[in-house]
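Me: I am new to this structure and would like to go through its ring contacts. Please show it first.

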Amino acid sequence: MNKPTALPESPLHQRLQHESGLKHATGEARYVDDLPEPPGTLVAQVIVSPHAHAKVGKRDATAALAIPGVRAVFFADDIPGENNVGPVVHDEELFASAEVHFAGQSVGLVVGDSYDACRAGVKAVQVQYTPLPALTTLDEAVAAGAFLSTPHHLRRGDVEAALNAADLVLKGDVSTGGQDHFYLETQATLALPEEGAGVKLMCSTQHPSEVQTLVAHALGVGRHQVVVEVPRMGGGFGGKETQAAPFAAMAALAAKRLNAPVKVWLNRDQDMAWTGKRHPFQGRYEAGFNKDGSLQALKVSLVSDGGFSTDLSRAIMDRALFHLDNAYYVPNLHFVGQVAKTNLPSNTAFRGFGGPQGMAVIETILSRAAQRLGLDEADIRRRNYYGEAPRNLTPYYQEVKDNRLERLHRELMLSSDYAARKAAVTAFNLSSRFNKRGLGFCPVKFGISFTTSFLNQAGAYLVVYADGTAQLNHGGTEMGQGLHTKMLAVCAHELGLPTRSIRVMTTATDKVPNTSATAASSGSDLNGQAVKHACEVIRERLAPVALKLLGGKPKQAAELVFAQGHVTLGGKSIAFEKVTQAAYLAQVPMSATGYYRTPDITYDREAGRGKPFHYFAYGVAVSEVEVSCFTGEHRVRRVDILHDTGNSLVPTIDVGQIEGGFIQGMGWLTMEEVLFNPQGVLLTHSPDTYKIPAFGDTPRDFRVELLDNAPQQDVIHGSKAVGEPPLMLALSVVTALRQAVAAFGAPGVDVPLAIPCTPEAILRAVEHARGGKPL
């Protein structure tokens, strides 16, 4: 029994490399389409509607089936179970039976030996359509009274009286557009038929349990007959939370009917044209301020474009309403939101899940108020932060605890040199005729948890072998965000093992059942606690064995230390593998499940009150931009971010999430524009028509720091979620752009800058600021 050898300390809270980083770089990492195809694997192409709204009549596949290489054509009547893939409301058919509701809706599936044969088969299938009137814009849907939800209200105080008493009242509207997920790996599923009624799916999905459920319904079998495995995803961002299920169900249906492996994979154009996006929102507001910039009253009406079916639109609207306040206390308010129904693809989850659309409204309002009142952008925001009671209650009456806004603000003002840079921007604008700069600031307060309370649960399954190595299974999915790296660090810390002794397995429904989606920024919070629980069970089982080997007594179990590949008691130590070998010989079970549920998540929709979030994540950002009045182009010169990640599980992973989230948010706000023609056909369906941020669009100077000494209670090892909150810090870029555009006009000018702030939008805003005057 020697002292521990010089193995690494716990990897928790340390700078770790992404567990698949090298595999990503070398091409070793396998995604669904990279997996070896079993002999006889068939492929498929989807038959889709060319109309935004039409009745479906006769369908004839005779000509298609005569094409060499075409094996089968499936329509709604061929589905043995339920023709539905709606995740919450059953309003979305797998294959349209009597009516199509958007251009690109699936009507059938052609399966064959090759993609060429399948494409030829799709062209040969005859489907009779009778076009119907279609609603292809949000305004048309609202005018027609077409909605997917009833209004959801949040109220506090006497908003009308407060508006009447305000020194400044601002009215206006804020529209935010859609955003394509543009994950590098498009939707893909490989279905493998198994014995009896069984089928195994290798699927690129954030929600394997939901895919399992909907596939089982479509096949008319129990969930036990369907296994869904997720090797890894090449990005998700919410686009594979619900919308992977239809293509998985198509593959499963074909595989079982033909008793052959079948792959359904979409190319980029198909993926962009047929799947949903971030919800476009319209917000109309009336806000009242005192002369000092204090927000006294706020009325906001939100309407979102849900597309043709419900999907997750209601929950997304809820979160948008919950984040209309962002970081600010509003004493008198009335918020209302409703989801409109259009004849477009069903919009779905996207990083932020409605939060960005809500925050865009309040940030626009505060920027306008600062311009009208002649106040600094950062100062007016600081004045309205949540604070001590009674300024600590959200619009839904959840108490804001562990408020770190003031500290974050103070520290970023110093580290970003905000005051001196503001003066430098002012001096530059006075001396520059054709280019102007702006310095924007934005805080973020983002609620963490699924607002649907029962989804806040997770499981894990840990297997320890006699040689002291382990396999870790958990219910979260890896999409490049680093969840597996964090779970590896938690497991290694809890068992006291080096990370090389632990293998994180692919996520599968036959290992961890009934899981929630890897979404809502909660992957580490939920799965981390479940992993920790499973490790604790193993340690408890190994403790008596270790005590016996170390000559300890049962009452000393709490004194055992699992660290550095050893188990230690006082001055004595033994290798972990010696303990596991002895445990095996002593017939001690070394596999365990872990489970966690988030406590005290409740919300009463009718009352508009509750505690929908376990805690809040905070962050602040300062962004500096420069705008050209000739082209409307802008450059982000510098960004400073200070973000609250609690006691970060893996700081390197969190910094990467902050950087990526900010850039993705910047893309949504400044360049990504989803456009449909009047017939409801997507115009921006590939990288040649849809622009996402490139290396040249990133800030020239990008500084990201994590708030130190800020552990969060009741969260896995004091950490905080980080996936979504940083995206909204990109609103600081819009704030900066507004300032730069305003500098072309007279002081106090109102800037009607549209989102996304494309060069065309900026040019229009500059023209408005100048009032038609020559340069």
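Aromatic rings

Reply: The structure holds 13 aromatic pairs, where rings of Phe, Tyr and Trp (its six-membered ring) pair if their centres lie within 6.5 Å; planes under 30 degrees apart count as stacked, over 60 as edge-to-face and the rest as tilted. This is a predicted model, in which local features need pLDDT of at least 70, side-chain atom pairs count only at pLDDT 80 or more, and totals for chains, interfaces and linings use all residues. Residues are numbered from 1 along each chain as its sequence is written, and side-chain values use heavy atoms, with hydrogens and water left out.

Me: Which kind of pair do Phe-322 and Tyr-603 form?

Reply: Their ring centres are 5.0 Å apart. The planes meet at 75 degrees, so the pair is edge-to-face.

Me: Is Phe-322 buried or exposed?

Reply: Buried means under 20% relative accessible area, exposed over 50%, partly exposed in between (1.4 Å probe, protein chains only). Phe-322 has a relative accessible area of 1%, so Phe-322 is buried.

Me: What does Tyr-603 count as, by relative accessibility?

Reply: The relative accessibility of Tyr-603 is 24%. Tyr-603 therefore counts as partly exposed.

Me: Which kind of pair do Tyr-328 and Tyr-385 form?

Reply: The centres of these two rings lie 6.2 Å apart. Their planes are at 10 degrees, so the pair is stacked.

Me: Which residues do ring pairs link into a cluster?

Reply: Phe-322 and Tyr-603 are a pair, and both belong to the cluster. Its members are Phe-322, Tyr-396, Tyr-603, Phe-613 and Phe-616.
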